[in-house]
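Please consult the sequence and the model shown below.

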Amino acid sequence: MCPAAVGVGLAESGLRLRRGRSRAKATGVAVSGPELAVGDGGQCSKQPPPPRPKPPGQAVGWVLLAAITSLAFATRFHRLHEPAHVCWDETHFGKMGSYYINRTFFFDVHPPLGKMLIGLAGYLSGYDGTFPFQKPGDKYEHHNYIGMRGFCAFLGSWLIPFAYLTVLELSRSQPAALLTAALITCDTGCLTLSQYILLDPILMFFIMAAMLSMVKYNSCADRPFSACWWFWLSLTGVSLAGALGVKFVGLFIVLHVGLNTISDLWQLLGDLNLTMVTLGKHLTARILCLIVLPLILYTTLFAVHFIILNRSGPGDGFFSSAFQSRLLGNNLHNASIPEHLAYGSVITVKNLQMASGYLHSHWHLYPEGVGARQQQVTAYQHKDYNNLWIVKKHDANTDPLDPSFPVEFVRHGDIIRLEHKETSRNLHSHQHEAPMTRKHYQVTGYGINGTGDSNDFWRIEVMNRKSENRIKVLRSQIRLIHLATGCVLGSSGKTLPKWGWEQLEVTCTPYLKETPNSVWNVEDHINPKLPNISLDVLKPSFAEILLESHMVMIRGNSGLKPKENEVTSKPWHWPINYQGLRFSGVNETDFRVYLLGNPVIWWLNLVSIGLYLLLGSISTVSIQRGIQLTAEVKGLCQVLLRGGGQVLLGWMLHYFPFFMMGRVLYYHHYFPAMLFSSMLTGILWDTVLRCCACCLSSFPLANWVHVFGISLLILGIAYSFYLFHPLSYGMVGPMAQDPQSPMAGLKWLETWEF
């Protein structure tokens, strides 16, 4: 390392440390007399330094910020209307925005904030919620989609000034912040994600807002409990609620802020000048702003979500019968149905496990080699005619609805048959192994016109009965015990392969322990011979529906599987830019948009991570071994370790957890981590170039090394954006293999599909 080197902000303003009480001691910026000094250009000198020029005024800083922000908005809003058709996941999130406008209940694996904001943007911009968003490629025609795209582009544009300000705060260096802004502005991947109706720009907006707020309140540590300190601490909490309210991966920035807070409190605990009362105030402030405030906001957005989506829709079947009873238009809302189950009733039976489904069958058979080749029985999460079953006596084939027969109620302990209404086959089990779950028995549909064998008999048990033995609709929790084998009917929750239409497996388990997946309730109930009662008393409380919603979302997230012909990826693919995603178009005549990060930027970021680990290790070992370093070198190490370490931690927390996830993963999951790696690149190369300038101080143009190096990096990044920008703004014509293509010669990896 150079014997004396320091960043621009360090030379001009001193390194701002968290603890104001130790600022001068830690940085040691002021050097006088014949000692080595650092001038404005980073040039080393053995003579007393000349008077340092004043740092750029606030006006210059505001001009730079305005220019960066303007460029960000210009690149994100350019050609926003193209293509005028549905692209990639717009089919999901545009449709969900329409559901909010129409107040139609739906199910999604993510929390609701992002979709609510998309719906609000559409509503305010004049979109009426009538476009179906059926599949990619559908023309928008007269429908107003620009408002929703514009909202996402608006939030995506703010990523660049947020990153600029974050790096400026961590490094106190304008060049480092400018380099970071250039990296994110010119990244084709971030640009593409920001221009469409997606959750990603909304998520990244809140992540970067939380990061900026965190470093800002860290910088106010020498003024605790001031208005500025409270503002940034509170804004951090608001941003955390926003990130978590868009996607559960917002937990990564929550963890980042949590670790920073623990470190902050640990340092405060070591300050013997602080009283226990003051420490208690610090702890209370962080609990209020970083835990209580986010939880209140997060809970509130779910309350708004439930108030808006009050009409029955495609998501009903994922939730319990009690949850559905609060939805307008659902057959259970303000419904009047017979209270007690009787023979001859047509019913649906719903599993009580969260995110499970209705007992279901259809004409399709189990394939060869999967138990007996009989009719499939599954659990299906949607309302469907194939969910209907007829309750019959096990030893009679007479019609219980015949007016000449008296009503006979089903009671606890009765032996019954369940006949599938559509196919007239009985619910059946035998000792063949279940298709997915070992040591469980297969459940099938068997028989002809209700005539089967003794393996169709089930004993019904009421788990929550008190004195009455009759079966109550919705209220009674029942188990069905197979008479021949003694096993219990249940849903394993495992998703069947494509031959089972990716519905949930139903098995008969020999383990008799009571669990939610083996307990059912009767939901729909049709019997013209019985009087009806109102179901208003079954509506759940807010706490109950909040808990159920989270259980359903978590279950749905973990069970996500790739769709046919969908491009998935693995976490190790992402930093090396191994493969992108088609947003729009396949053929030469199509308007093609391809999600791929600017390879120059991504590979520079990857190199920077490795170089940072090397230089950071050298700096740490040097300090630990007590090697004599000048005050300037110590300051440089603080910038590298504190500022760089903060963003490296962010990159690790937003990247490595994906290696432990069992769900399907996609390329776009890496982009929050990419923002942190870009900030690290800006800090690292600014520091390295300043060190080089100092080491080359004997050369006449040494003071230009830093300026030239930063300028060369920014120009190279801008030129790479010029080369790859058609990936984001769209291509028509020959593919990259053709010399006439605008992307000719730029397909550097065979896995890129443009």
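## Basis

This is a predicted model, in which local features need pLDDT of at least 70 and side-chain atom pairs count only at pLDDT 80 or more, while totals for chains, interfaces and linings use all residues. Residues are numbered from 1 along each chain as its sequence is written, and side-chain values use heavy atoms, without hydrogens and water.

## Salt bridges

Across the whole structure, 17 salt bridges are found (a side-chain nitrogen of Lys or Arg within 4 Å of a carboxyl oxygen of Asp or Glu). Asp108 and Lys115 form one of them, at 2.8 Å from N to O, and both residues are buried (buried is under 20% relative accessible area, exposed over 50%, partly exposed in between; 1.4 Å probe, protein chains only).

Asp138 pairs with Lys135 at 2.9 Å, N to O; Asp138 is buried at 14% relative accessible area, whereas Lys135, at 47%, is partly exposed. Glu169, Arg172 and Lys216 are linked in a salt-bridge network.

## Helix packing

Helices H16 (residues 599-624) and H18 (residues 671-695) pack at about 60 degrees, with axes 8 Å apart. Helices are DSSP runs of H or I, at least four residues, numbered from the N terminus. Axes are lines fitted to C-alpha atoms over the stretch in contact, with angles from 0 to 180 degrees between N-to-C directions.

Note on methods. Helix = DSSP H or I, 4+ residues; strand = E, 2+ residues; numbered from the N terminus.
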